[in-house]
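Please examine the sequence and the model before reading on.

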Amino acid sequence: MNIFRLVYRSVLFYWRTNVGVVLAAAVSTAILAGALVVGDSVRYTLVSSAEARLGKVELAVVGQDRFFRAALASDVGTNLGAEAAAVLEIRGLISNSDGSRRANNINVLGVDEQFYKVGGAENPLSVAADEKVVLNSALAEKLGVGAGEEVVLRIARPSAMPREIVLTPKTDMSIAFRLEVGAVADESAFGNFSLQANQISALNAFVGLGWLGDKIGQGGRANLLLAGADGGDKLTVEAANKAIGECWQLADSGLELRRLGASGGLELRSRRVFIEDVPAQAATGAGDGAIGVLTYFVNELRLGDKSTPYSMVSAIGKGAGGIIGADMRNDEIVINKWLADDLEAGAGDTIELRYFVVGPMRKLVEEKRAFRVRQVVAIEGMAADVNLMPEFPGLSQVANCRDWEPGIPIDLDKIRAKDEAYWDKYRGTPKAFVSLEAGQSMWQNRYGGLTAVRYRAESDAEGMANKILSAVNPASVGLFFEPVRSQSVKAGDEGTDFGQLFLGFSFFLIVAAVVLMGLLFVFGVESRTQQMGMLRAVGFSPRVVRCVLLLEGGVLAVVGAVTGTGAGLLYTRAMIYGLGTVWRVAVSGSEIVFHVRGSTLIVGMGAAVVISMIAIWLSVRRRFRWSVNELLAGHSEWQFFGLGAYGVPGQAGKRAEGRGGLLLAVVCFAGAVGLLVVMALSTSKAVAGYFFGAGALLLVGGLGLSQAVLTLVGAGMRRPADSVAGLSMRNATRRRGRSVTVVWLLACGVFLVIAVGANRHNPLAEADRRESGTGGFAFYAESAIPILHDLNSGEGRERLGFDSQKLGDVDFVQMKVHTGDDASCFNLNRAQRPRLLGVEPQHLKKRGAFLFAKTIEGGNIEDGWGLLERKWGEGVIAAVGDSATIIWALGKSVGDSIVYTDKNGRSFEVLLVGMLNNSILQGSLVVAESDFVERFADEGYRVFLIDAAEKERAEVSEELSRGLRDFGLEVTSARERLAAFSAVENTYLSIFQMLGGLGMILGSIGLGLVVLRNVLDRRGELSMLRAVGFERASLKRMVFYEHSGLMVAGLAIGTVAALVAVGPVLASPGAQIPYLSLALTVTAILVSGLGWIWLAATFALKGDLLDGLRDE
Amino acid sequence: MMLEVTNVRKDYGLPGGGSVTVLKDIELKVEKGESLSIVGPSGSGKSTLLNIIGGLDTPTSGRVVLDGVDLGGLDESALARVRNKRIGFVFQLHHLLPQCTVLENVLLPTIAGKSGESKEQAESRAVELLERVGLKGFSLHRPGELSGGQRQRVAVVRALINRPGLLLADEPTGSLDRDSSENIAELLVELNRSEDVTLIVVTHSSKLAGKMGRFLQLEGGTLRDGTGAV
């Protein structure tokens, strides 16, 4: 015989009671482990979707608007010993052949066989075919098309020169093709390829790399380089970037060294016209007489009343070919003979240059500067060098001036015959020359300050190229790898933890099961009180007796945990089914794949055992304090978790206890009223806090009152109970601890279920107000292809072909977009680098749009948007985000920062300076446009917040969708967008309400157990009542009234307190209180509780009650 | 002197205030191997006195010295050791564990503290004792399969398993029929002699009390012998 044998014997002998304990432990384990496995499944789904999105891709160079040689991929792949693929990734839009179904904002991917090798998939088109497009399943489904059908694909046409530069011609922003769908690519055919960490499938259209390159004027080039490795061969960013450094060529940064025909000199120029600063610096510092050149198109050269229109002027480094002498001042100009003749100018005259620069919103601003003529030179030597004019698109290749399309307004009437003649003879040969410093002070832009660098004729092209390459870090021209796979996996791993979420949702279920288990265990132990006394009497120390009981409990908890783990998987299945159907919104419609990890089950099981053991410990701990005699005498003053442990005070003690409860009730009720009065008088916005405080005080006060009523009524009962109901009341007052515990548990549970369930809101109620989540805007629109123009200007609207009447007073806030992760509640992944929106903060500030919930320390919450304009230090820019984005999607708070990499490979911090209340800006971070354009590719605006009067909205929406159809503009009502975000939150609340309600219903079984215990305790008393003539049905009614009264009291206190606590929500115009479902939940709890009370009373009162008398 | 009870008083507080005195200045000396009975009307405090002697209860004042050890100076675990090694209890209700066999019930005290005997020795003593009380063939039975008298005999054996010097029996025949009561009384007397165990029996039964070497009466909180004050 030993302790373990004793435990073993006890566990088996009391199996009937123990089965109940095991079942309750199993239920709590099932819910706990099941909830954790939901987390596993969601995480697995996210990681699997990352695998499907990336295939074997580990690293990527994301060029966006920078195009490099497609051959760089094979060079880098060979260098690394890995698979690498060049891809052209362009934004586009697509529709089915009749235009009835369309998809905006799709990814058009130019790929070749290598893409599928990196993806580890088969090319769905066995033969590469031009004029055919492969759609991924999501896109095909959206369009409702299949293989063999036709679609119209419109893609953004990249410009050789950044479109934000004044001289970039206004060629069409996009081109369209009618293509046949060659195949539909599912996940196995790498159809879901995307670098964005999002479980929602991207909309992809795949075309041939060569075909796409030719169509967009980027033949042989790519803007995305993917590198992948098999299995364990991990590519490192360092190794891959080193490979780029060893393989890259000038052409990969759009640069070209060419030998000039006439002079035989060597010239470096850029396909993007302007040479970026880093390579420009390297090129001018490479020796061999390097000299910088900046040639610009000026509107006019004027001397007095004479002027020459539209001419090239070159700014050249000093000492080059004698044109710009070493002593030339920055306010001096050298003009050629033709210009001198045209203006009748000579040395010493002052000539005025007029030229366009770009202002905010790409507005052209004409500026002017005066120069003194230093010298007139003949058109010969360098002054006759037509190559000084860079390859301005729309200028350099045209035959005559009237065909110019330089991106600025040209007044053709100003072009004279002599200008045409000059063009015919000298083309774009500059007519005037200024110092490089002077030129750069006028025309330098963020894309560069040189259009060429020239070297001596004897310079060796290859040697010079190597010199430049070795002096430039490829990252500075956008050639750097990013660890896209590890970022994606991290995003999935750190994504929304549905395990914790469902643990929270299932809180009441777990608590209810644990409470049940504790009750059942206490029940079992209670019947063995005398055993404990005997063990103590024969010499067992209290510690050993405690160990014996806890060991028994432990065995039951472990058996329950093992059993429950299996059931937990069913619970997970049920939750996943819910997430796939009624709660679909919570996971943005994603299909969650059931997945279980052994470690999770072990953790779930372990946690359940620990919780069970704590519950058992709490249930029986007081029992160990009883004396041996009390135990031997079968002491059974019922108590649970230390609650309801009351002695048997005399009348005086009862009154004191009752007065205490009454005092507590009075203080709490007064406090609640006080809070509501203070709230009414206060101007504070923290109304919700006051109400919740008042509700909580009412809850505590109600419980105090219930105790007072039970105690004082009990103590004051002098008149004999003259009815069954009277007897019930008296009984309820007798075991006050037990009764108050019942009321307490029910009230708290209902309080929480209602308070949380009612806390949902309809954000649309005040959606027209500026401080609402819509910012007062009527529409949120997003285009696939950037819009360069100012939609608020007449000119901008005219250029886009709008009917100015229809747009009337419509007002736009335009935003630039830097692609990034969707940091909204639709994305279950943890956004690593959210999408950035660049906006002019003043546009939002002057409207007072959106409401700031919080700003960074030292920031004025009334001027949240102003924080975007502040300087926050070197390498730091400010950002504002929606609260859901910052807190949930990013897991950050105001004051934190996120590291981004700019277009030149430099890291910088985005500091979160302000947080908006729930808004339509959820998903992105908003930064100042000025900060944006310094760091990112700048191709116009893609996000629009639109103000429109209520009555014009339908017409405006129609006009915008029509006018910007080719830009893939998707206009969404701001209200709808906000409602969609809120729907996710409200779904979470629904889940909580439902599972919380189920928990309460489960908990009501506990009430049945309490009834059972009560009746068995009073068996002798009930037997006596039977003996003196009470019918069994009367006794059952008495027990039923007694306990149902307690239940109704608990539900009433909890409900009233909860309704006060959520008062502001109820009163708010946006309140979306699910009255019906809340009422159903409370009713279900009530019905279930009453049912269990009835059942327990029936069970306890069956059999021969007179036996109880004999026991006595 | 095996047991010395000096000036023991026991008061109980009343719910409405005040107190009631159950035992007043109890004096009792018991020699080793002696047997004595304490009788008295219900509520006279017999069981309370027995519980105080056995370390299951504490006196309001006074001392209980067992084998030279003052029980009032012992903490909870030391008291548990004293009960386990030096005292055996027999209750009116046998308090056998229904989940354990007869043998296991008997052996229970041996797992509460080390007795210095091996497991085999303890088992062999248990079997021997069971044989002596006529229950050898029942060692693997459950209490539920025994009669009331048999159960009480098992309880007696359990009380003796650790060779205590003092056996305290609280109404050991109170819930038994006449024959069984007779048997238990004989058994206790026999064990008192054969095991050289000091026996104190609290009982209503004059028949059982008469079998003891000394006869004490508790009345009005005071202990007297059959003919006068002790």
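## Terms and conventions

Helices (H or I, at least four residues) and strands (E, at least two) are DSSP runs, and they are numbered from the N terminus. By this scheme, B:Arg163 belongs to the loop between helix 5 (148–160) and strand 7 (166–170) of chain B.

The model is predicted: local features need pLDDT of at least 70, side-chain atom pairs count only at pLDDT 80 or more, and totals for chains, interfaces and linings use all residues. Residues are numbered from 1 along each chain as its sequence is written, while chains are lettered from A and ligands numbered from 1 in the order in which they are written.

## Chain A as a whole

Chain A contains 35 helices and 30 strands. A residue is called buried if 20 or more other C-beta atoms lie within 10 Å of its own, exposed if 12 or fewer, and partly exposed in between, with C-beta atoms placed from the backbone. Of the 1112 residues of chain A, 53% are buried in this sense.

Two residues are in contact if their C-beta atoms, placed from the backbone, lie within 7 Å. Among the contacts in chain A with a separation of 6 or more, 82% join residues 24 or more positions apart.

## Helix 15 of chain A

Helix 15 of chain A covers residues 507–526, which is 20 residues. From first C-alpha to last, helix 15 of chain A reaches 28 Å, close to the 28 Å expected at 1.5 Å a residue; the expected span is 1.5 Å times one less than the number of residues. Helix 15 of chain A is mostly covered, since 19 of its 20 residues are buried.

## Two helices that cross helix 17

Helix axes are lines fitted to C-alpha atoms over the stretch in contact, and angles run from 0 to 180 degrees between N-to-C directions. The axis of helix 2 (residues 15–54) of chain A comes within 5 Å of that of helix 17 (residues 542–580) of chain A, and the two cross at roughly 45 degrees. Helix 2 of chain A is therefore oblique to helix 17 of chain A; angles under 35 degrees count as roughly parallel, over 145 as roughly antiparallel, 65 to 115 as roughly perpendicular and the rest as oblique. The contact between helix 2 and helix 17 of chain A involves 19 nonpolar, eleven polar and no charged residues. In this classification, Ala, Val, Leu, Ile, Met, Phe, Trp, Tyr, Cys and Pro count as nonpolar, Asp, Glu, Lys and Arg as charged, and the others, Gly among them, as polar.

Helix 1 (residues 3–13) of chain A also crosses helix 17 of chain A, with axes that come within 9 Å at roughly 55 degrees. This pair is therefore oblique as well. Helix 1 of chain A contributes A:Ile3, A:Leu6, A:Val7, A:Ser10 and A:Val11, which meet residues of helix 17 of chain A including A:Cys547, A:Leu551 and A:Val555. By class, the contact of helix 1 with helix 17 of chain A has nine nonpolar residues, one polar and one charged.

## Where chain A touches chain B

In the contact between the chains, 25 residues of chain A meet 27 residues of chain B. Helix 1, helix 16 (529–537), helix 17 and helix 19 (628–632) of chain A each give two or more residues to the side of chain A that touches chain B. Helix 1 of chain A supplies the largest share of that side, six residues. The side of chain A that touches chain B divides into 15 nonpolar, eight polar and two charged residues.

## Selected residues

Most residues other than glycine have a negative phi. B:Asn7, in strand 1 (residues 3–13) of chain B, has a positive phi near 55 degrees. With 12 other C-beta atoms within 10 Å, B:Asn7 is exposed. The phi of B:Arg163 is also positive, near 50 degrees, and B:Arg163 is partly exposed, with 15 other C-beta atoms within 10 Å.

B:Asp70 lies in strand 5 (residues 69–70) of chain B and is exposed, with 12 C-beta neighbours inside 10 Å. Leaving aside neighbours within four places in sequence, B:Asp70 is in contact with B:Arg63 and B:Val65. In chain A, A:Arg1032 is part of helix 32 (residues 1032–1061). The C-alpha atoms of A:Arg1032 and A:Leu1101 are 7.3 Å apart, although 69 residues separate the two along the chain.
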